Amino acid sequence: MLTNIRSVTNKIDELSAVLKLNNVSICCITETWLTDKISISSIDVTGYTCHRRDRTGRAGGGVMCYVRCDVPCQRLTELEADDVESLWLLYREKRMPRHLSHIVIAVIYHPPTADSHTTVAHITERLDCVSKSHPSCGIILTGDFNRLPDSQIRQFPLHQVVQAPTRGAAILDKIYTNVLEWYSEPEILPNIGKSDHMVVCLMPKSFDRQPHGKRTRVAVRSNDRSAKFCLEMALRQHNWSAMYALESTEAMC
């Protein structure tokens, strides 16, 4: 679930009800308006672990995630930066699909006056870093991006799945992912309290077991940017001296 809540402290009861009514596993929130003077106990939701990152130096802003206690997530503080409001989580069950090792979940708040280049560079650099550590990871990038140019984010490649307006006639609250086939079309829910942003809920598809048929393996050349980055790093780091010491091209091959 994703929402721009515009102050979480005066909406905690309604937020708690929405989380439990919709059985939300992970809730990404922007514009929390929290400060270090607000204790974690005052925004506690039973059954959920709260990860918060408050804005410092000026009022407003802030991002946070509520993670249901039975959902195995760890916070990646090393991916956070002072000049961008972001929070990153790494999700991994004990048993994951063979082609997917982890899922990275991020929540970003890009204020209208923030520098677009800085935010885009932060996102792409962090995604490159995560893809290097976990080459087979899924990505779910959420947040209030306002008018942020997203061509570089889409080229990662990620798909923006929210197609209905979330504030007035504009789509400001967005979700980018590389596991589009796993989820149904996002559902737009009513706003929480007096927030002027709607709530976006992304639900996983339920896959019916299909009868086993004949399997055909087809090899294709990957055009995935993260895979190319990992290949480049592997070629740069490999020790080629043993090959250059050989005399025949057949041995080198």
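This tour moves through the structure by selection, stop by stop, and says what is found at each place.

The model is predicted. Residues are numbered from 1 along the chain as its sequence is written.

**Stop 1: Asp196 and its partners**

Begin by selecting Asp196, which lies in the loop between β11 (187-189) and β12 (199-201). With a relative accessibility of 32%, Asp196 counts as partly exposed. Arg167 and Asp196 form a salt bridge in which the closest N and O atoms are 2.9 Å apart. Arg167 sits in the loop between β9 (159-160) and β10 (173-177), and the pair links distant parts of the chain, 29 residues apart. Arg167 is likewise partly exposed, its relative accessible area being 39%.

The relative accessible area of Arg6 is 30%, which makes Arg6 partly exposed.

Arg6, Glu31, Arg167 and Asp196 are linked in a network of salt bridges. Across the whole structure, a search finds 12 salt bridges.

**Stop 2: Backbone features**

Keep Arg6 selected and turn to its backbone. Arg6 has a positive phi of about 50°, although Arg6 is not a glycine.

Then select Asn146, in the loop between β8 (138-144) and α3. What is the phi of Asn146? The value is near 50°, a positive phi in a residue other than glycine. Is Asn146 buried or exposed? Asn146 is buried, with a relative accessible area of 14%; the cut-off for a buried residue is under 20%.

Go on to Phe156 and Pro157. The peptide bond from Phe156 to Pro157 is cis, and its omega is near 10°. Pro157 is located in the loop between α3 (151-154) and β9.

**Stop 3**

Select residues 225-237, which make up helix α4. Within this helix, show the side chains of Glu232 and Arg236. The two meet in a salt bridge, at 3.0 Å from N to O. Both residues lie in helix α4, four residues apart, which is about one turn of the helix. Glu232 counts as partly exposed at 38% relative accessibility, whereas Arg236 counts as exposed at 62%.

Leu235 also belongs to helix α4. Leu235 is partly exposed, with a relative accessible area of 46%.

**Stop 4: Strand β11 and Val199**

Select Leu189, a residue of strand β11. Leu189 is buried, its relative accessible area being 12%. Leu189 and Val199 are 10 residues apart in sequence, while their C-alpha atoms are 4.9 Å apart.

**Stop 5: The largest pocket**

The last stop concerns empty space. Rolling a probe the size of a water molecule over the atoms shows where such space is left. The largest pocket holds about 820 Å³ of space.

How many of the lining residues are nonpolar? The lining of the largest pocket divides into 22 nonpolar, four polar and five charged residues.

**Returning to the start**

Technical notes
Predicted model: local features only at pLDDT ≥ 70, side-chain atom pairs only at ≥ 80, totals over all residues. Heavy atoms only, no water. Salt bridge = Lys/Arg side-chain N within 4 Å of Asp/Glu carboxyl O. Helix = DSSP H or I, 4+ residues; strand = E, 2+ residues; numbered from the N terminus. Buried < 20%, exposed > 50% of the residue type's maximum accessible area, 1.4 Å probe, protein only. 1 Å grid on protein atoms, 1.4 Å probe; cavity = no way out; pocket = protein on both sides within 12 Å on 5 of 7 lines; lining within 4 Å. Points joined across faces, edges and corners; volume = space filled by probe spheres on them. Nonpolar A, V, L, I, M, F, W, Y, C, P; charged D, E, K, R; others polar.
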